[in-house]
Amino acid sequence: MKVFAPRALRFAALAVTAVGLLGAAPEEKRQTPSGYDVPRYVILKFGKVNARAGPGDDHRLLWVYRTKGLPLQVVAETAEWRRVCDPEGGVAWVHKRTIDGRRAVINTRRTPQPLYRHPKSGAEPGAFLNVRAMAALDRCEKGWCKVKADGASGWVREGALWGTSEALQCR
């Protein structure tokens, strides 16, 4: 059984300093029973969410997510269930009551990622997002995304963190 609960998430997400990802080309979004586009990003509402092989409690339990606020990408849905892709590439079904429409990102890279003071090339980093750390996504514009975590905020290039690319992350 897969358990997604990185130890790094229990500690501070940022190291504040003084100083491609998976995915295909952007695809056309399609309407769904909820009225929201797919694909789209959401977060987990709870610290324990069952991930199932199909849309219903009668389907096999694949694993349990154990990270409240974990960003997921909704790739399909029924009236009550959402098929989601997680940052590790896992695909499963979760009940709609277990997710929230807010956006978050996670650093899936092997090194801390700089959060720049301004959304432009050559800008100075104001903080770093640690490996496996999550941050709230404020907004994206012109290829840059503003994120916030642990009282710090900054800009990252779109696609630098999992949850900022509009491309489908899993199939």
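Three aromatic pairs are present in the structure, where rings of Phe, Tyr and Trp (its six-membered ring) are paired if their centres lie within 6.5 Å, and planes under 30 degrees apart count as stacked, over 60 as edge-to-face and the rest as tilted. One of these is formed by Tyr41 and Trp162, an edge-to-face pair with 5.6 Å from centre to centre and 85 degrees between the planes. Tyr41 belongs to strand S3 (residues 40–44) and Trp162 to the segment after strand S15 (152–157), so this pair ties together parts 121 residues apart in sequence. Strands (E, at least two residues) are DSSP runs numbered from the N terminus.

The model is predicted: local features need pLDDT of at least 70, side-chain atom pairs count only at pLDDT 80 or more, and totals for chains, interfaces and linings use all residues. Residues are numbered from 1 along each chain as its sequence is written, and side-chain values use heavy atoms, with hydrogens and water left out.

Tyr41 has a relative accessible area of 4% and is buried; Trp162, at 3%, is likewise buried. Here, buried means under 20% relative accessible area, exposed over 50%, and partly exposed in between (1.4 Å probe, protein chains only). The ring centres of Trp63 and Tyr65 are 6.0 Å apart with the planes at 85 degrees, so this pair is also edge-to-face. Trp63 and Tyr65 are both buried.

Thr98 is located in the loop between strand S8 (91–95) and strand S9 (99–100). With a relative accessibility of 12%, Thr98 counts as buried. Apart from neighbours within four places in sequence, Thr98 is in contact (heavy atoms within 4.5 Å) with Ile43, Leu44, Lys45, Phe46 and Val49.

Notes:
Helices (H or I, at least four residues) and strands (E, at least two) are DSSP runs, numbered from the N terminus.
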